[in-house]
Amino acid sequence: MKKILIYITFCLVVSLFHITTQAEPYRLAQDVIPLEQSINLHLNPDDADYSGDTSIKLKVVKESESFFFHSETIEIVNLILTSKKKNISCTYEQVEENRVKVIPTTMLELGEYLLEIEFVNNFDTQANAVYRMETEGESYVFSQLEADEAREAFPCFDEPIFKIPYQLTMTVPEQDFAVTNTPIESQETIDGWTTYRFKKSKPMPSYLIAVAVGPFEFVDMPDMPIPTRVVTPKGMLHLSQMALETTPPILKALEKYFDRPYPYEKLDLIAVPEFWPGAMENVGAITYSAGILLVDNEHATSRQKLRQAAVTAHELAHMWFGDLVTMVWWDDLWLNESFANWMGNKITNQVFPEFELEVSRATSANGAMVGDARQTAVAIRQPIVSMADLLGNIGVVYNKGEAVLNMFEKKIGEEKFRAGILKYIDQNAWGNATADDLWHALKNASDFDLPKAMETFINQPGLPLVIIEQLTDNEFKITQKRFGNYNSNYDNSFQWQIPLSIKYSSGSSVKTKTILLTKESQTISFPSDGKIAWVMPNVNSDGYFRWTTSPENLVQLATNAQELMTPRERIGFLLNLVALLDAGQVNGGDYLQIISHFKNDPNMQVMSTVLRNLGKVVNSFLTDELRPDFAVFVNKTLQSTMDKVGFTSIVGESERVQMLRPSLIYWLADHGRNAEALSFAEKQFKNFMDDPDSVDPSIISISVALACIRGDMELFNECKSRFENATTPAMRQRYLGALGSFEDENIQDTALQYALNGPLRPQEFYSIPGSIAEVSSERADYVFDWIVDNYTVVCSIVPVQYHSYLPMFAGGCSAERIEIAKLFFGKKENQVEGTTVRLAKTAEQTKDCITLRDREKANVEKFLHDFVASQ
């Protein structure tokens, strides 16, 4: 007991370092703060609503006439405020939509109080807050509370700064089980109801509370330092084996890195059939989309294996980054997500090197770089006034943040960086932290001002362009400016402190020079015994920047790519090439010519990047008239790799070969019009429909998709039936994907109606319209019009926080479509928080695509015509 009291006192003191009594309008004041909370819930998954009561121990740190707590969509039945067991007369009222104001009749003096609330609430039905769902004839209750949905589940102080112990009690039908963040302390069954009382948690924010109720099945996980289970819906336990095998080594590697044990008493991995995120790092009770956690071990693809391992590593990394140490406010979400992405991928690569994740890290940052090239780019760390601000920043927080951490880790060395990270964890464990706390821990980790350098990437939007100009045999001018797409008007006042590692050759040897570029321009001499023959300014593609050199240097790197660059560098080179095309620094013909130099690359991930680069042509330039010429180029570019990989897998081949094969087949069959590839896919589809076990699992999805492209209504109905009766999450996902693959417009109409009225789960809605919109610009117009015509129904399916993403259906290369979107989403009744921001991003993407197409279409067409003529 003494240790517990010391521990709670310590946590409170830590949190008080970040307490201020002056609150922003969108945050609660901290004159009255919670110390701990107990929550009792009466949950029947078969009902439409639930009831509960909660007791919140409060501390008044400044005399107050009133205070607020969060409560949204909840009916408060009774509210009592006491001090030293004496009632304090007060009233309460709902103010705004998510806060309740408590108004005592007398001033609240300093000291401790108890707030007791009884409430009733409806279960959510859109996989949000505390929600109910049905699957296979059984009813379940789950929760998803990040970022601010705890206030829709029960009254609470729903901000990450309020990090306190919680104790949950759940009363559920006796045939059901209940799971939350902590182990069961006691349970009792009376009159058909079982009451589970769980142990009090260690301090955590409200968004990490987990609730799960239903007829679950459990399996204990061996080789774990704490009690660990996989928790599945009824009848799905047989799909848990892969999780049982992959999780223990991941946790062991994380504990070794952090040099401290897993922080909590137990761990449950919970499969949720209806779930918007991929997974959620609830303390001691990680929830997963069922398709990620539950995998048929005998029929698993390499992609499924990698996805499960990477997601588990990411979520377990959160037990330290985000759970043990929590950001003060959402503007520092990157302290959670950037670090979890970076650590999760590091650990996945360490534990499962066969997936070569270290090579593919060059790809993960590229999506963020594409957004950073636009005027609508946002910084990793920025003010968060609403959750729409948070959702609009997610890609930057995850992928750019990870890339920046990786870049500076490589600059100062892994052990020095780790020492700073461990210091940050030690100094802020069980409390809250800001970026300043991280900077404090890292300030002595290097021989330069590491925090100041990192801040230039964390606090500024956009990314730099590094320009390398050769002045003499061994002297170069290195310049930085903000990178932007063609004809964009940017604020060029930004400067970055850029860690550069430059590979170069004088012809006799290859050397590397590292510098920290802190000025707009620097002149550097390279040690050399002759004239520098070539330079490559992003060794290992670790840098978060774009780069350009002379056209001759680019061509030399491309024509000798395998000799001069590592696989990861070749991937970075190709991704950088796309950016230079967007910026108008490489023309469309040269772009395709450079790609052709990579057609025989032996590395599977490099070839996967080649497919990505070809996709740029499809999305920006491809017309029906150009398809025949493009098909010839696709065949010539991919055929040698297809011959090497083969249509069927062989024992002992690498995971990356298995991951590339289906993409190659799809590209050759669809865009390459390759008769052999199409015939193979159609045959595999027929075999699969007759006997699912007869086909290599890795090619099932593309075989189904290719067959459905030209399929009829009979096939559509067969896929629909199999979707509805799928026995595994993977099978359900395959047939869902198939339903949006048909090119017949009548079938597409049927599929769109099915998306509105069929038995799809909320998170599955976007799949069908999204797939149809990718068929052609005309079908994208049709789908967008359909979204507009059915907007009210669509919004009833999709949770409100995701409504802001609907303008993305107007994206592409159509000026007319985006103008219609501006008119529609410009109306207040068609907006939620974040709609205008997402619309602006979509409009800029469309402008960039149109600009690129108009500028380079003729060059692309000429190159392809000349290429075909030369064959």
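These legends walk through several close-ups of one predicted model. Residue numbers start from 1 along each chain as its sequence is written, local features need pLDDT of at least 70, side-chain atom pairs count only at pLDDT 80 or more, and totals for chains, interfaces and linings use all residues. Side-chain values come from heavy atoms, with hydrogens and water left out.

**View 1. Helix α5 packs against helix α6.** Here α5 covers residues 334-351 and α6 covers residues 357-364; helices (H or I, at least four residues) and strands (E, at least two) are DSSP runs numbered from the N terminus. Their axes sit 9 Å apart at an angle of about 150°, which makes α5 roughly antiparallel to α6. Axes are lines fitted to C-alpha atoms, for helices over the stretch in contact, and angles run from 0 to 180 degrees between N-to-C directions; under 35 degrees counts as roughly parallel, over 145 as roughly antiparallel, 65 to 115 as roughly perpendicular and the rest as oblique. On the α5 side look for Asn 341, Trp 342, Asn 345, Lys 346, Thr 348 and Asn 349, which meet Leu 357, Glu 358 and Arg 361 in α6 (contact means heavy atoms within 4.5 Å). By class, that's two nonpolar, four polar and three charged residues; Ala, Val, Leu, Ile, Met, Phe, Trp, Tyr, Cys and Pro count as nonpolar, Asp, Glu, Lys and Arg as charged, and the others, Gly among them, as polar.

**View 2. The largest cavity holds about 210 Å³ of space.** A cavity is a set of points on a 1 Å grid over the protein atoms alone where a 1.4 Å probe fits but cannot get out, and lining residues have an atom within 4 Å of a point. Grid points are joined across faces, edges and corners, and the volume is the space filled by probe spheres set on the points. The structure has five cavities of 30 Å³ or more. The largest is lined by 22 residues, with Ala 362, Ala 365, Met 369, Ser 541 and Gly 543 nearest its centre. At least two lining residues come from each of α6, α7 (366-372), α9 (394-412), β29 (546-548) and α15 (567-582). The lining splits into eight nonpolar, nine polar and five charged residues.

**View 3. The second largest cavity has a volume of about 60 Å³.** Its lining is Asn 181, Thr 182, Pro 183, Lys 200, Ser 201, Lys 202, Tyr 264, Glu 265, Lys 266 and Val 283. That's three nonpolar, three polar and four charged.

**View 4. Four strands make an open, mixed sheet.** The order is β27-β24-β23-β29, with β27 (521-525) and β29 at the edges, each pairing on one side only. Twist averages 20° from one strand to the next. Strand β23 (residues 464-470) runs parallel to β29, joined by three bridges (two strands pair if DSSP finds at least two bridges between them). Find Leu 465 opposite Arg 546 in β29.

**View 5. Three strands form an open antiparallel sheet.** They run in the order β3-β7-β6, and the edges are β3 (67-70) and β6 (90-95). Four bridges pair β3 with β7 (residues 99-104), and His 70 stands opposite Arg 99 in β7.

Methods
1 Å grid on protein atoms, 1.4 Å probe; cavity = no way out; pocket = protein on both sides within 12 Å on 5 of 7 lines; lining within 4 Å.
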